[in-house]
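Welcome, and please load the model in your viewer. Keep the selection tool at hand, and we will go from stop to stop together.

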Amino acid sequence: MTRIILIGFMGCGKSTLGKKLAKRLNVPFIDSDKEIEAIQQRTIGEIFGEHGESGFREMEAEFISSLELKDDFVLATGGGTPCFNNAMAQLNKIGSTFYLERSAKELAHRLAHSKTKRPLIVGLSDEDLLTFIEEKLSVRSEFYKKASVILTREEQTPDELEKLIRLLQPHSHSPQKS
Ligand code: S3P
């Protein structure tokens, strides 16, 4: 069974890395936000608008529980997923969790041009964005750091992560697609 779970702040690169890794490990890639959008037939922005953040967190919790029935996947969670409803403990039971650690400055830089689809940061100036990230990260990193592995920046590449996973779980993967 291959259950790889990527966690980290918005904009840290969970989906980009997750897609590439899933291809290499020959398992499905699951993007938590996209799955919730498909189930709800609404964008994350619309869900926040209609149900508030707490409604969205309940949907996330329900979605995470549904993963207990799946055998093989690489999952990219939403940035807040591990920080609500005891999700970090649950994620650690479901699979191997990897935290993609990045500095607040780097995240602010990476998020500067993709604020609109993220309801928590939409409309923030670049300066306010950095303050927001610093504050949230100081709270959230306590949860993130409960991951099985904290990845340095250098390890946040498909090559390095694949190597690491094969070292940690040498027998649990289907052969790589050529
Ligand atoms: C959120 C992160 C988003 C999405 C929602 C809330 C958060 O996911 O789940 O906008 O609380 O950090 P990404 O990390 O994929 O942007």
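Start by selecting Asn86, which you will find in the loop between β3 (73-76) and α4 (87-94). Bear in mind throughout that this is a predicted model. Asn86 has a positive phi of about 60°, although this residue is not a glycine. Is Asn86 buried or exposed? Its relative accessibility is 60%, and exposed means over 50%, so Asn86 counts as exposed.

Next, select Asn26, in the loop between α1 and β2 (29-31). Here too phi is positive, at about 60°, in a residue that is not a glycine. With a relative accessible area of 29%, Asn26 is partly exposed.

**The α1 and α7 pair**

Now show helix α1, residues 14-25, together with helix α7, residues 158-168. At what angle do α1 and α7 pack? The angle is about 50°, and the axes are 10 Å apart. Angles under 35 degrees would count as roughly parallel and 65 to 115 as roughly perpendicular, so α1 and α7 are oblique to each other. Their crossing is right-handed.

On the α1 side, select Leu17, Lys20, Leu21, Arg24 and Leu25. On the α7 side, select Pro158, Asp159, Leu161, Glu162, Ile165 and Arg166. Colour these by class, and the contact of α1 with α7 shows six nonpolar and five charged residues, with no polar ones.

Which residues does Leu161 touch, once neighbours within four places in sequence are left aside? They are Leu6, Leu17, Leu21, Phe98, Leu151 and Glu155.

**Last stop: Thr43**

Finally, select Thr43, in the loop between α2 (32-40) and α3. Thr43 has 39% relative accessibility and counts as partly exposed.

Key
Residues are numbered from 1 along each chain as its sequence is written. This is a predicted model: local features need pLDDT of at least 70, side-chain atom pairs count only at pLDDT 80 or more; totals for chains, interfaces and linings use all residues. Side-chain values use heavy atoms; hydrogens and water are left out. Axes are lines fitted to C-alpha atoms, for helices over the stretch in contact, and angles run from 0 to 180 degrees between N-to-C directions. Helices (H or I, at least four residues) and strands (E, at least two) are DSSP runs, numbered from the N terminus. Angles under 35 degrees count as roughly parallel, over 145 as roughly antiparallel, 65 to 115 as roughly perpendicular and the rest as oblique. A crossing is left-handed if the near helix is turned anticlockwise from the far one by less than a right angle, and right-handed if clockwise. Contact means heavy atoms within 4.5 Å. Ala, Val, Leu, Ile, Met, Phe, Trp, Tyr, Cys and Pro count as nonpolar, Asp, Glu, Lys and Arg as charged, and the others, Gly among them, as polar. Buried means under 20% relative accessible area, exposed over 50%, partly exposed in between (1.4 Å probe, protein chains only).
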